[in-house]
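I opened the notebook to record a few look-ups in one model. The sequence and coordinates come before the entries.

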Amino acid sequence: MAAPAPICSPLGKPALPLLSAEGDINIGAVFALHRNALFKVHSFTSRPEKTPCISFNPREFQFAQTLIFALEEINNSSDLLPGLSLGYQVYDSCSYAPLAIHSALALMNSPGPEDSLGDPSSCSRSPAVLGIVGESSSTSTIGLSSLVGPFSIPVISHFATCACMSNREKFPSFFRTIPSDFYQSRALAKLVKHFGWNWVGVVNSNNDYGNNGIATFMEAAWHEGVCVEYQEAIHRTDPREKLLKTVRVIRKATARVVVLFLGLGDLIPLLNELALEGDPGLQWVGSEAWITARVLTENKAYGFLRGAVGFAIRNARLDGLEGFLGKVHPSQASDNTLLREFWETVFQCSFEGVSSTLCTGTERLATLKNQYTDVSELRISSKVYTAVYAIAHALHNLLTDLKNDTDSGNRPVYTPQQVLQYLKEVRFRVKTGEEIWFDANGDVVACYDLVNWQQEEDGTLQFHAVGLYDSSMPPEQRFTFNQGKLVWAGGQAEAPAAVCSESCPTGTRKAVQKGKPVCCYDCVPCAEGEISNITDSNGCYRCDLEYWSNEKRDRCVLKPVEFLSYEEMMGIVLVFFSLLGSGVTTLVAVVFSIHKDTPIVRANNSELSFLLLFSLTLCFLCSLTFIGRPSEWSCMLRHTAFGITFVLCISCVLGKTIVVLMAFRATLPASNVMKWFGPLQQRLSVLAFTLIQVLICVLWLTVSPPFPYKNMKTYKEKIILECDVGSAIGFWAVLGYVGLLALLCFVLAFLARKLPDNFNEAKFITFSMLIFCAVWITFIPAYVSSPGKFTVAVEIFAILASSFGLLFCIFAPKCFIILLRPEQNTKKHMMGKTSNDIRY
């Protein structure tokens with residue numbers, strides 16, 4: 001004999017719905033019909049009493065009536081679920097998660113259509129409701145969905161937006177007709193960034209809705225470059241001290257934009273405290289939970305919310321709902337305490353005579369304007385309507401399939417599991433024009449209105465849609481703004497500034513202030529050679545090698561090319577002295593040519609003197625090759641011309657010095673030395689010394705000649721165009737050879753300085769060589785250490801100084817005698833050794 005089926009017997013009285021109607025198929029619903037629950041401390045010595053709820057919520061009551069309106073509309077439809085009636089069971093969570101869970105348990109264990117409400121008969125039957133609509137709060141919905149999810153009972157929320165509920169592993173039977181905060185939080189971050197605000201404060205509800213939503217916002221804000229100065233989490237049950245602390249933080253902070261990611265119940269206590277101290281003068285950014293709450297605009301104390309912006313669920317119009325809401329009356333169910341409480345609340349009267357005004361039942365809802373009767377903002381109510389239709393369409397599709405598989409004589413059996421599967425695939429369009437379907441996470445496409453609170457001429461605050469966000473569009477097209485319609489905090493037409501630091505102009509970069517977020521920074525000018533050509537640049541960028549930053553450090557410009565030119569003052573001065581030297585040398589040559597037959601000219605080897613004057617002229621003129629823009633030919637010419645002309649010059653001086661020495665030796669008895677160093681030998685010696693330098697120059701030009709070079713190392717801000725010597729060995733070989741001849745000449749002249757003669761030329765050669773060597777010894781360190789074009793100037797100065805030294809030391813005394821002391825220009829005076837001899 002089979003064991004009897006286990007019988008379920010309730011341990012206490014079953015929790016009954018506040019609003020209900022039986023149908024062929026029932027739908028459950030949980031709304032926060034009251035704002036608070038009165039908590040009692042239980043003694044655990046007796047059965048706990050039912051938790052009383054206070055503060056009737058007209059807005060949630062409108063949600064419940066919208067559900068009933070949708071069900072009656074479906075029941076009267078011949079196209080959707082024909083022949084079937086839908087019933088409902090509406091429970092109150094009192095804005096309290098444990099009561100929401102209690103309501104879910106009641107819906108799961110509620111009696112079916114054939115069962116007595118007081119005597120459930122079996123533990124094995126399916127729940128009487130095939131789906132649950134609700135709840136409004138994310139926290140309560142999480143508890144409700146967590147409970148019924150393992151039993152595959154679908155839950156469709158109209159207002160639970162927490163992105164955490166998109167987790168299919170934790171909430172396998174959850175759907176929602178309102179967009180997830182995953183989209184809203186990111187849209188708020190982009191909204192803040194769009195208006196140039198990078199320094200904001202944040203206040204959120206201390207619950208699943210606020211904590212998860214603001215966490216997503218802060219992550220998105222960080223990616224957008226927005227910094228949060230402070231974050232405060234509050235709850236409507238917090239003590240006043242906690243709210244006052246939050247108010248102090250808001251008022252003392254430097255952030256002029258505050259994001260309020262709060263539920264309406266958590267926001268009102270905060271607004272009350274803010275209103276006590278007057279308008280804080282802040283720009284408010286709101287979430288969809290309160291941005292279109294009419295109860296806020298009706299309170300003049302909240303006038304400082306003028307200019308608030310935020311994303312709201314798109315508005316909709318439900319034809320017939322206004323008339324349906326106006327027909328609600330306690331007489332529809334005289335024993336229903338909820339309807340009586342609703343009537344007493346909206347008309348501020350009492351059926352029991354508790355208040356001074358007695359309810360007569362003749363009051364008309366059409367005369368009222370409150371959250372319940374207002375149908376201008378059906379943003380959330382329309383989502384309740386959509387949720388009911390989603391279940392109805394899933395049932396309709398299920399019924400159609402079952403009819404094809406079942407005998408017409410048998411009534412189909414529906415289970416929540418079947419409804420759940422069909423909900424995943426449902427797709428329909430409601431009469432508001434919106435197409436509804438659920439993605440793999442149970443979410444719908446996110447579409448928001450950007451709402452702006454604007455004050456009308458009569459002083460009332462109204463919601464104005466000034467933009468749109470549609471997540472189904474490509475990323476760059478999701479936002480649509482009409483900024484011309486926006487009104488900001490205080491009624492201003494311009495968006496307020498909300499930055500920790502002012503924008504860094506071009507030519508500067510951001511340097512984060514120590515210990516502060518990245519939005520707080522100093523503007524540091526770019527270093528030389530670096531630029532930033534955008535505002536708020538995080539770094540400066542170095543210019544290319546041939547470019548340099550301009551004065552504003554916002555553009556790279558070509559570096560100026562510097563070389564010793566004929567146009568600048570230093571070049572002009574050097575050209576002047578070069579031409580002066582060559583002119584004086586030519587003048588001396590003319591003088592010598594005129595007086596070539598005089599003793600003083602003939603006594604000093606006139607042939608070598610004229611050759612020396614010719615080479616000095618070339619030395620003066622070769623300095624001109626160092627001036628001007630360096631080219632390949634000028635670089636080769638300047639160094640080789642310098643080296644050869646100077647060797648020619650020193651060779652002539654060396655020849656004259658040897659002549660003096662040989663002439664003295666020739667005066668000794670039996671000496672014939674002059675025949676070995678006559679005019680021919682003198683010419684050959686000059687030619688030989690010069691040819692050696694020519695050979696060095698040829699080798700230098702063949703192996704590694706000088707070439708034009710852009711020197712970018714000496715100066716960063718400009719290019720020095722100079723001649724690179726090519727082979728350093730060749731360059732110093734040329735200079736070394738000149739120095740070697742000069743040193744040899746100096747030594748020989750020094751040895752001959754005391755030879756007896758009225759006019760001993762060796763003394764002047766010694767002095768000239770002393771000047772020459774001193775100039776060129778000084779030249780070496782000056783040449784190496786001089787920067788840029790001054791290197792060339794030093795070389796020219798050395799050429800001119802040494803050339804002038806030779807010219808004046810050797811030829812000035814002779815010209816002095818020729819021109820000013822002609823009486824001394826005689827053979828007798830030149831050879832005489834009298835006491836009045838002139839010594840030079």
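**Entry 1, model.** I note at the outset that this is a predicted model.

**Entry 2, sheet.** I traced an open sheet of eight strands, and its order reads β10-β9-β11-β12-β13-β16-β17-β18. The pairing in this sheet is mixed. I then asked which strands stand at the edges. They are β10 (227-234) and β18 (479-481); each has a single partner strand, so one side of each is left without a neighbour in the sheet.

I looked at how β9 (residues 199-205) meets β10, and found that the two run parallel and are joined by seven bridges. Serine 205 has isoleucine 234 of β10 opposite.

Helix α6 (residues 240-252) lies across β9, β10, β11 and β12 (283-286). For α6 I noted an angle of about 165 degrees to β10.

I turned to the second largest pocket, which holds about 950 Å³ of space. It is lined by 38 residues, and those closest to its centre are Ser95, Arg236, Leu264, Gly265 and Asp266. I listed the elements that each supply at least two lining residues: β3 (34-37), α1 (58-75), α3 (138-148) and α7 (264-276). Which of them gives the most to the lining? It is α7, with six residues.

I located glutamine 371 in the loop between α10 (337-347) and α11 (381-405). Is this residue buried or exposed? I count glutamine 371 as buried because its relative accessible area is 12%, under the 20% cut-off. Leaving aside neighbours within four places in sequence, I found glutamine 371 in contact with Arg35, Pro58, Arg59, Gln62, Leu264 and Val295. One of these contacts, Leu264, is also among the residues closest to the centre of the second largest pocket.

I checked two of the spans in the model. Residues 569-594 are 100% helix and 0% strand, with end C-alpha atoms 37 Å apart. Residues 796-820 are likewise 100% helix and 0% strand, and their end C-alpha atoms lie 32 Å apart.

Technical notes:
Residues are numbered from 1 along each chain as its sequence is written. This is a predicted model: local features need pLDDT of at least 70, side-chain atom pairs count only at pLDDT 80 or more; totals for chains, interfaces and linings use all residues. Side-chain values use heavy atoms; hydrogens and water are left out. Helices (H or I, at least four residues) and strands (E, at least two) are DSSP runs, numbered from the N terminus. Buried means under 20% relative accessible area, exposed over 50%, partly exposed in between (1.4 Å probe, protein chains only). Contact means heavy atoms within 4.5 Å. Two strands pair if DSSP finds at least two bridges between them. Axes are lines fitted to C-alpha atoms, for helices over the stretch in contact, and angles run from 0 to 180 degrees between N-to-C directions. On a 1 Å grid over the protein atoms alone, a cavity is a set of points where a 1.4 Å probe fits but cannot get out, and a pocket is an open set with protein on both sides within 12 Å along at least five of seven lines; lining residues have an atom within 4 Å of a point. Grid points are joined across faces, edges and corners, and a volume is the space filled by probe spheres set on the points.
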